[in-house]
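Q: I have a protein model open and I'd like to learn how to read it. Can you walk me through a few features?

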Amino acid sequence: SSDLDKVRLIPSGMSVLLETDFGLTVQYDWEQYLVVMVPDSFKGKTCGLCGNFNGRDDDDLALPNGSPAASVSVLGKSWRVSGVAADATCRDECDGECGKCEGSFLERLAGKVFCGLLAQVMNGPLRECSAVIPKNIYHDYCMYDVCMGKGMKKFLCDTLHVYTDACQRANFQVLNWRGLAGCRK
């Protein structure tokens with residue numbers, strides 16, 4: 001096999017898919033979702049920002065020396081590739097508190113109602129797929145982004161597009177969900 005067969009870039013719906021000859025798959029929607037998948041043969045053999053793939057969540061935030069990272073920001077800095085020129089659009093720290101959303105009761109309630117629509121679509125038109133491809137992480141991201149005020153309707157539709165791409169790649173039948181969710185074609 002030639003070097004050209006080792007990595008493939010494939011358009012997939014609204015995303016691009018990178019596939020390697022050893023089973024690594026990366027899906028990116030050009031904006032906010034990055035999904036990395038490796039075959040089971042890599043269980044317990046990975047490290048870095050995506051964790052160690054040992055089936056436990058409590059030890060994934062590890063520095064290169066194996067000790068736990070004090071924060072996600074520290075984790076990111078520790079795995080940075082050395083010698084790469086700085087990018088003016090990237091920062092190590094967040095403005096305010098990273099990763100926490102302390103919305104009001106009404107904002108949290110709105111998020112539950114709105115992200116409940118995501119679950120309704122996944123349990124309806126996407127039900128065949130959602131029985132196999134976990135949907136809870138998509139719901140968690142929805143709740144976080146709604147709380148952070150990133151535009152509920154756009155986020156719902158973007159989330160469903162990415163999930164639909166994953167379902168179609170796994171050869172599941174996807175029924176028309178756009179009308180139920182109110183998303184444009």
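Q: Which residues does Thr 164 touch, not counting residues up to four places away in sequence?

A: Quick background: this is a predicted model, where local features need pLDDT of at least 70, side-chain atom pairs count only at pLDDT 80 or more, and totals for chains, interfaces and linings use all residues. Residues are numbered from 1 along each chain as its sequence is written, and side-chain values use heavy atoms, with hydrogens and water left out. Contact means heavy atoms within 4.5 Å. Here, Thr 164 touches Leu 126, Val 174 and Trp 177.

Q: Where does Thr 164 lie?

A: Helices are DSSP runs of H or I with at least four residues, strands are runs of E with at least two, and both are numbered from the N terminus. Thr 164 lies in helix 5, residues 152-169.

Q: Is Thr 164 buried or exposed?

A: Buried means under 20% relative accessible area, exposed over 50%, and partly exposed in between (1.4 Å probe, protein chains only). Thr 164 is at 5%, so it counts as buried.

Q: What does the side chain of Thr 164 make a polar contact with?

A: A polar contact is a pair of N or O atoms within 3.5 Å; within protein, one must be able to donate a hydrogen and the other to accept it, and residues adjacent in sequence count only if both atoms are side-chain atoms. The partner is the side chain of Trp 177, at 3.0 Å. Also, a polar atom of the Thr 164 side chain lies 2.7 Å from the backbone oxygen of Leu 160.

Q: What order do the strands of the open sheet have?

A: Two strands pair if DSSP finds at least two bridges between them. The four strands go 1-2-3-4, with antiparallel pairing.
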